[in-house]
Amino acid sequence: MAEPITFSSVWERAVERGGDAAFLIFERPDGTIATWTYQQFDGAVADVAAGLVQKGVAPGDSVHLALTNTPAFVALWLAANRLGAWIVPSDPMGKVPELADHIERTRPKAGFCATDRAEVYRQAAEMSPNLAITELDEASGSLEALVGSARVDWPDVNLWDRAAVMFTSGTTGRPKGVEVTQANYAFCGQVMAERADLAPNDRQLVVLPLFHANAQYYSFASAIWTGASVALMPTFSASGFLAQVARHQATCASLFAAPLRMILARGAPVHGVGLRHCWYAQNIADEQYETLASWFGCRPRQLYGMTETVPAVLTEPTDNPVPSSMGQVTPGCQVIVRDGEVLVGGEPGLTLFAGYLDDPDTTAASFTADGWFRTGDRARVDDNGRHYFDGRHSDVLKVAGENVSIVEVESVLASHPAVLEAAVVGAPDPVRDEVPVAFVVPADPTSPPTTDDLTSWCLERLAKAKQPRSYTFLDELPRTSVGKIRKFLLK
């Protein structure tokens, strides 16, 4: 691996090496396009930095972003980092309590939101009267509202300087603030670029939300490391995804299992799609995988990572990727499986997250005595070093004393031809302590499977303790903005 450098330096290097090369293509909601080269966007970053300085942002300060996918997010991210400041990306559709919690915990000097969501944002910021709030027209892609006239002197930025705090999705409890450093972003960009064989003529299509680690880590950081370009969509469209790939001549993409299933349900093959590479997280059925591979023009590669691990520490290789495998250990990363749990090694603040914001006890508890980060995810490893997801520690039910993997039950249900996806949770039982209950989304809402169909299907494939005791049919599963199932709502 290369010597550690700051993310700010990675950006400067990209501009120096290929200033005239395309950097950002933004497709507005009305279909019109805005474009910037690396040199042009670097000028915009300097102008935006002047605006931040004017609002009192200095090295070590935080900048709060409640923005959807828009060039303003990217410009503020890069400008803040070059100033030695750090960003706090929140779900732009978050409610007042969530946004207020993030603002209170990070004490930003400046906050940015969309004009049409300003009322919610200002309510969230009521207890922070000194927060300078800027409202933006996100759909326009314009950076005008961010520009300032203050003098900007770029400070020396340190490897371990905080570059972001990203709050975890909160599927089970109060989100933790994950501290990400300048060195983290740079390391992630290098690792993910090299694992995807990214080249300057590649173009990433970004449809996942920018406030989440996936789009920042796997798409933008790797593109900037390489000098590749990014086509940024304002939101994900299942029916429009393949047309966007073709329209922008994208070669690379990154998705989750849920968006992949949505593309299958609402999309269709499109002429001119030429992806050579696509990452995805979480399992899909083999039949779904083969259809997507034929539509995409490449065999997607599964990966595994967390906000805390920075790069995806497990990735499937280019040759003959296995759809059900989370991957082999990514070059440059350290992973072991101990007592069934995935543990990740590295140096906090350099190759792993720096810690949880203002929570040294939780940070310490998340590492083993010998310094490995505990992911909480379970996996098994085959002779080829491939890892297969075996659920989280919380995904194992105790049914009359017998361990039942929720992941196994969900996999069996999802393999039923009339099922699009399924989620299983534990329900209290006076005799067995707890039992699995299933929530099912039909592949065809007009012709859903019956409870008897699913009971027979599971009876043939699962031991008695693993068979769901009830089935609830839903139009869709409750999810976070990045597709993770919010199982506590099902419970």
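In the predicted model described here, A49 lies in helix α2, where helices (H or I, at least four residues) and strands (E, at least two) are DSSP runs numbered from the N terminus. Residues are numbered from 1 along each chain as its sequence is written, and side-chain values use heavy atoms, with hydrogens and water left out. Because the model is predicted, local features need pLDDT of at least 70 and side-chain atom pairs count only at pLDDT 80 or more, whereas totals for chains, interfaces and linings use all residues.

A49 is buried, with a relative accessible area of 0%; buried denotes under 20% relative accessible area, exposed over 50%, and partly exposed the range in between, computed with a 1.4 Å probe on protein chains only. When neighbours within four places in sequence are left aside, the contacts of A49 (heavy atoms within 4.5 Å) are with A79, L83, V152 and W154. The C-alpha atoms of A49 and D153 are separated by 9.7 Å, although these residues are 104 residues apart along the chain.

Helix α2 (residues 38-54) meets helix α3 (residues 71-82), their axes coming within 8 Å and crossing at roughly 70°. Such axes are lines fitted to C-alpha atoms, for helices over the stretch in contact, and the angles run from 0 to 180 degrees between N-to-C directions. The two helices α2 and α3 are therefore roughly perpendicular to each other, given that angles under 35 degrees count as roughly parallel, over 145 as roughly antiparallel, 65 to 115 as roughly perpendicular and the rest as oblique. On the α2 side the contact is made by F41, D42, V45, V48, A49 and L52, and on the α3 side by P71, V74, A75, L76, L78, A79, A80 and R82. These residues divide into twelve nonpolar, no polar and two charged, on a scheme in which Ala, Val, Leu, Ile, Met, Phe, Trp, Tyr, Cys and Pro count as nonpolar, Asp, Glu, Lys and Arg as charged, and the others, Gly among them, as polar.

Helix α6 (residues 182-195) and helix α7 (residues 213-226) form another crossing, in which the axes come within 7 Å at an angle of roughly 85°, and α6 is thus roughly perpendicular to α7. Here Y185, A186, C188, G189, Q190, M192 and A193 of α6 are in contact with the α7 set of Q216, Y217, Y218, A221, S222, W225 and T226.

In soluble globular proteins, nonpolar side chains tend to be buried together. A nonpolar core is taken as a set of buried Ala, Val, Leu, Ile, Met, Phe, Trp, Tyr and Cys residues joined through side-chain atoms within 4.5 Å. The largest such core has 90 residues, of which F41, Y185 and F220 touch the most other members. Not counting residues up to four places away in sequence, F41 touches W11, F23, L24, W36, P71, V74, A75, L78 and L143. A second, separate core of 25 residues includes A253, L260, V273 and Y289.

L260 is also among the buried residues of helix α9 (residues 257-266), which are A257, A258, P259, L260, R261 and I263. The buried residues of α9 pack against α8 (241-247), β11 (252-256), β12 (277-281), α10 (286-296) and β23 (419-429).

Several loop positions were also examined. P321, in the loop between β14 (314-315) and β15 (328-329), is buried, with a relative accessible area of 6%. Beyond its neighbours within four places in sequence, P321 is in contact with Y289, R299, P300, R301, E316 and R386. V310, in the loop between β13 (301-304) and β14, has a phi near 70°, a positive value in a residue other than glycine, and is buried at a relative accessible area of 0%. D339, in the loop between β16 (334-338) and β17 (341-345), likewise has a positive phi, near 55°, in a residue other than glycine, but is exposed, with a relative accessible area of 71%.

Over the whole chain there are 14 helices and 25 strands, and 57% of the 491 residues count as buried. Residues 24 or more positions apart account for 66% of the contacts with a separation of 6 or more. The C-alpha atoms fill a box of roughly 70 × 55 × 45 Å along the principal axes. The radius of gyration, taken over C-alpha atoms, is compared with a globule rule of 2.2 Å times the number of residues to the power 0.38; for 491 residues a compact globule would have a value near 23 Å, and the chain, at 23 Å, agrees.
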